[in-house]
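Me: Please take a close look at one helix in this structure. I would like to know how it sits against its surroundings.

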Amino acid sequence: MLVIEPTGSSCGALVKGIDLNKTISATLMEKLVWALYQHRCLVIKNQELTKESYYQFASQWGELIQHVLDYLRMPDYPEMMAIGNTEEKDKDDAVRNGAAVWHTDGPYIEDPTTMTMLYAIQVPKNGGETLVTDMVAAYEALDPNLKSNLEKLTAKHYYGRAQFDPDEHRPVPIRTKEQATTNAVCEKPLILTHPISGHKALYAVAHSPFEIIGKTKEETLSLLSMLKTHATKSQFVYSHRYEVGDILLFDNLSTMHRAKEQTDAADTPDSDNARLLWRLSAKGTPKVITKS
Ligand SMILES: [Fe+2]
């Protein structure tokens with residue numbers, strides 16, 4: 001039986017009592033979709049899926065995306081990425097910790113990423129958490145005058161071009177001209193009204209916004225820095241410590257997220273610090289909503 005338990009943090013709910021190897025009815029999908037919009041992120045517990053069955057489940061949430069950084073893609077499933085510290089690419093700190101910085105997936109794409117999911121295959125003995133911040137709650141907590149000023153503002157985005165604090169990790173590096181030119185600069189509102197739930201949220205105030213239209217460089221940096229500090233206060237954040245079999249999924253239109261730093265690459269696939277998550281992301285609307 002489906003059970004949805006709020007985490008007790010500003011966002012997030014645990015989903016128990018379902019087996020995604022079984023046929024997923026439209027009714028169940030609809031419950032999951034609305035639970036996601038209500039809680040911003042979900043953790044579906046205790047799943048034992050093959051890559052194929054995981055891929056099929058994820059494809060219910062929209063059109064799956066191949067990441068712009070093509071060296072992160074899995075050869076057999078190019079929309080899927082192995083995240084963590086178990087692969088050759090993860091020996092490079094810049095790759096291993098490229099998500100250990102607050103960001104939203106895909107605001108720098110014209111048709112933005114709407115949903116991301118991470119399926120825990122290997123979990124380290126310590127650490128390895130993903131942090132998710134509730135951008136609806138962060139928006140709602142703003143001063144009313146600031147809210148109405150922000151309503152009118154649009155930011156320009158490009159992958160990894162935002163200002164970072166000196167002690168922050170940097171996004172996974174762009175390595176080729178093709179990767180650099182796949183997504184042009186695009187514009188997104190600072191306050192986004194969710195196309196399905198109608199919630200208003202602060203949108204993507206870290207990692208990719210580098211200019212607010214009509215503001216000077218100094219004004220842009222100061223406003224984005226203030227909003228990022230506000231939105232990532234602990235009162236808005238859910239920190240998820242994985243168990244093997246968890247699927248964490250989040251609504252990118254109403255959250256930001258980051259990984260905890262992973263100090264070391266895993267020496268062997270079965271070592272205590274091994275962390276492996278299969279990542280899939282989608283754009284567009286869940287099929288069950290499109291059909292209804
Ligand atoms: Fe991400």
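Reply: What follows is a close look at helix 1, then a few other parts for context.

This is a predicted model: local features need pLDDT of at least 70, side-chain atom pairs count only at pLDDT 80 or more, and totals for chains, interfaces and linings use all residues. Residues are numbered from 1 along each chain as its sequence is written.

Start with the span. Helix 1 covers residues 26-39, 14 residues in total. Helices here are DSSP runs of H or I with at least four residues, strands are runs of E with at least two, and both are numbered from the N terminus. From first C-alpha to last, helix 1 reaches 20 Å, close to the 20 Å expected at 1.5 Å a residue. That expected span is 1.5 Å times one less than the number of residues.

Now the faces. L32, V33, L36 and H39 are the buried residues of helix 1. They lie on the same side of helix 1, because they cover an arc of only 150° around the axis. The arc is taken over the directions from the helix axis to the C-beta atoms. An α-helix has 3.6 residues a turn, so residues three or four places apart point the same way. On the other side of helix 1, A26 and T27 are exposed. Buried means 20 or more other C-beta atoms within 10 Å of the residue's own; exposed means 12 or fewer; partly exposed lies in between, with C-beta atoms placed from the backbone.

Next, the neighbours. The buried residues of helix 1 pack against strand 1 (3-6), strand 2 (13-16), strand 3 (41-44), strand 14 (247-251) and helix 8 (287-291). Contact means that two C-beta atoms, placed from the backbone, lie within 7 Å. Just after helix 1, R40 takes a positive phi of about 75°.

For contrast, look at K177 in helix 6 (residues 177-182). K177 is exposed, because 8 other C-beta atoms lie within 10 Å. K177 and V33 are 144 residues apart in sequence and 37 Å apart in space, C-alpha to C-alpha.

Last, the core. The largest nonpolar core has 69 residues. Such a core is a set of buried Ala, Val, Leu, Ile, Met, Phe, Trp, Tyr and Cys residues joined through C-beta atoms within 7 Å. Those with the most contacts inside this core include L42, M135 and L249. Strand 6 (residues 113-122) gives the most to this core, with six residues.
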